[in-house]
Amino acid sequence: GSLIEQLTTEKYECMVCCEVVRIVAPVWSCQNCYHVFHLNCIKKWARSPASQAEDGNSGWRCPACQNASTQVPKTYTCFCGKVHNPEWNRNEIPHSCGELCGKKRQCLDCPHLCNILCHPGPCPSCPAFVTKTCECGQTSHSVRCGQSTKIHCSNVCGNTLNCGKHSCTQVCHAGRCSPCQLTVQQVCYCGSNFKEVLCGTKEEFSDGFGSFSCQNICGKKLNCGRHNCTQVCHPQPCPLCPRLPQVVYRCPCGQTPLSKLLELGCIERKICTDPIPSCGKTCGKPLSCGSYEFIHTCESLCHEGDCRPCSHTSNIYCRCGFKKKVVFLFLIAAITFMCDKRCNKKRSCGRHKCNEVCCVDTEHKCSLVCGRKLNCGLHRCEEPCHRGSCQTCWQTSFDELTCYCGESVIYPPVPCGTQPPECKKTCTRPHDCNHPVYHSCHSEEKCPPCTYLTQKWCMGKHEVTVIFFLPLFQLRSNIPCHLTDISCGLRCNQMLKCGMHKCKRICHKGECLIDEECKQPCVIPRLYCNHPCMAPCHPIAAISIATKLTDLQLGDSVEISRLITKKEMKQARLQCDEECLALQRNRRLAEALEIDDNSDPFNIRSSGPKYSDLLKEDARKDLKFVSDIEKEMRMLVEAVNKGKNTKKSHCYPPMNRDHRRIIHELAQVYGIESVSYDNEPKRNVVITAVKGKSICPSNTLTSVLDKEMQSRPPPPIPHYKQTDKSSGTSGLSKPLKEEPVIDYFDVQD
């Protein structure tokens, strides 16, 4: 009924092409499973190598039930097979002839033919009633003809069993009666072994004393009473003793009669245990190692018992013919000589070597399983190892294949390895962030990374913007959401644990030095020569304080409580000088007049820059150098303030330490950043002007010196030290009693 409905509504699919079977299309129906296929599809399938049976001689297999058929269908017939190319009638079942089926039913003992119209599928059971007897034949019943169940009564079977002695005790049953289960004991012919057998077992060669042979040596006493029977357990009486005097007529080799030996003086034998006289000739009996052409004989003198093994040798080759060996002839039949050479030829698959010892194979067939993954990626090839590509996976799923959200569906049958259908809906999987989702539904377990642009910190938080001369930390913009560890590309510049150096690594994640110590060279000037220490960083409090003086000269405060103890802080309190007294006096005056500390009513603070006495003294010694430096700095500040760039740099040529110190001090007055690079004697200074931070003072150092020269008498002529011109040091000199000055700006990045 299901087949008729699907064929009529054109909803039945061919298993070969997975297309709908039309009502006018030629079809073929399997007589075993009753599946319906397109006639052309089943022809192509029957001719394909994949459809052949395993033995290769049984024909082709049905795609549905794998039932083997020898003949390939060629014509389009109705379901009952009477009409060729049946025409479609709207009032009849598609692909049927509209006549009575008339096929023999599946029940073997039903003589009635199918009496319904031509139809797909199996014929229904026969509706006729017949009289059938039970299995034991004692009762009879009226049942349907097509009823396949057997009739059983409640009586005991009673039929004679196979032994012919006992009757069957089972209730009415189908088939033959079971063999008799009673056991009897049997003895072998020699009487040494017994066994339990079922009643009715055939007693072969029974002689009244035994029923079977135990295959052991008989061992019964012979008629002589001195020797035992050496034959295998046998049914007949044992033979006469082979050593009786009346049985033995010749010597052991059989060449000389005993009567002749008696004439020569040999003792006559009385009983079987007496020795048999020897003739003294060569035995000459044929040995087992010989052949029809070359017979080897025993070379010993006439003797009793078995002959000795053959002493002749022969060369034998291994089965592959690679090696030969010399062996005794009597051992040739008992041994199989094989060499230890392994075959290096490729097997039929072309992947593996034969590797067989003493190989004689010519085809070298590979017995391994292929095991390579099929195109589906889920199953492996189970065929013997072969050349070329593996066949397409024949596994098929009858479950619907859907996308993740379930909007797109592929209906069964679904070939193995089919990818989920594409879906144009937005992905509905849970995401780590709350940003809008722009990618479509996908079959991969992991979603694509979120590319929504966000603001994030770099790993070192180096994004700084200067507003109103104040640094303002900001988040980096236009960063994709999925990026977590962002490097700005700048140096880390985080202060290390030593308190002297800053991290030189590019913006990174985590701590700068975890299990390591700072190994940067110490740049603190030595006490007497002013040269940098250059030893690996060593944690000394005094050095840490010295490094902080750089920040003091830039106007920042320095916390030294962590570097020295409280007792040292009390003892190291600085003494107030004239400047401190002036500041205290101004503070008291401002409080009395209620003037704010931040105000500058008399324009005292902005009246002009303050140059140190040491800088003025050096400028007097080399006024042209200072004038050129100030001119270059003013041009750099004006250029950066008028231009579009926020920063602009200038690199000075290599110079000595005194000239570099002058540049650092002037740069501080102009608000310019200055850094020294490279090592001596090529150490130079690079200055950088920043828009909004760098300024041009109203009074230059040269103008201040000119005013002082006009208002003061000329200074005394200074004394200069004689220096070696090749030493590369400056001609500037310092007073003999002046303490060494540490250039805290002259540090190497």
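Strands here are DSSP runs of E with at least two residues, helices are runs of H or I with at least four, and both are numbered from the N terminus. With that settled, note that this is a predicted model.

I'll take the cis peptide bonds to begin with. P413 sits in the loop between β13, residues 409-410, and β14, residues 414-415. Another cis bond runs from E680 to P681, where omega is near 5°. P681 belongs to the loop between β20 and β21. As background, most peptide bonds are trans, and most residues other than glycine have a negative phi.

Q215 has phi near 65°, although the residue is not a glycine. Its place is the loop between β8 and α3. Is Q215 buried or exposed? Q215 is exposed, because its relative accessible area is 58% and the cut-off for that class is over 50%. N493 is also a non-glycine residue with a positive phi, near 60°. It lies in the loop between β18, residues 476-480, and α4, residues 541-553. At 46% relative accessibility, N493 is classed as partly exposed.

C190 is in the loop joining β7 (183-187) and β8 (194-198). Its relative accessible area is 14%, so C190 counts as buried. Which residues does C190 contact, leaving aside neighbours within four places in sequence? They are C214, C218, K220 and C233. The C-alpha atom of C190 is also 7.0 Å from that of H234, which is 44 residues away along the chain.

The other is H303, in the loop between α3 (258-263) and β9 (313-317). H303 is buried too, with a relative accessible area of 17%. Not counting residues up to four places away in sequence, H303 touches P252, C283 and C298.

β9 pairs with β10, residues 324-328, in the antiparallel sense, over five bridges. Within that pairing, S314 stands opposite V327 of β10. Six residues separate the strands of the hairpin, and G321 has a positive phi near 80°.

β20 and β21, residues 684-690, are joined by five bridges. V675 has V686 of β21 as its bridge partner.

Last, the helix pair. α8, residues 623-642, packs with α9, residues 657-670, at an angle of about 40°, and the axes are 11 Å apart. The two are therefore oblique to each other. The crossing of α8 past α9 is right-handed. From α8, the contact uses F625, V626, I629, E630, M633 and R634; from α9, it uses H659, I662, I663, L666, A667 and Y670. By class, these residues are nine nonpolar, one polar and two charged.

Notes: Residues are numbered from 1 along each chain as its sequence is written. This is a predicted model: local features need pLDDT of at least 70, side-chain atom pairs count only at pLDDT 80 or more; totals for chains, interfaces and linings use all residues. Side-chain values use heavy atoms; hydrogens and water are left out. Axes are lines fitted to C-alpha atoms, for helices over the stretch in contact, and angles run from 0 to 180 degrees between N-to-C directions. Angles under 35 degrees count as roughly parallel, over 145 as roughly antiparallel, 65 to 115 as roughly perpendicular and the rest as oblique. A crossing is left-handed if the near helix is turned anticlockwise from the far one by less than a right angle, and right-handed if clockwise. Contact means heavy atoms within 4.5 Å. Ala, Val, Leu, Ile, Met, Phe, Trp, Tyr, Cys and Pro count as nonpolar, Asp, Glu, Lys and Arg as charged, and the others, Gly among them, as polar. Buried means under 20% relative accessible area, exposed over 50%, partly exposed in between (1.4 Å probe, protein chains only). Two strands pair if DSSP finds at least two bridges between them.
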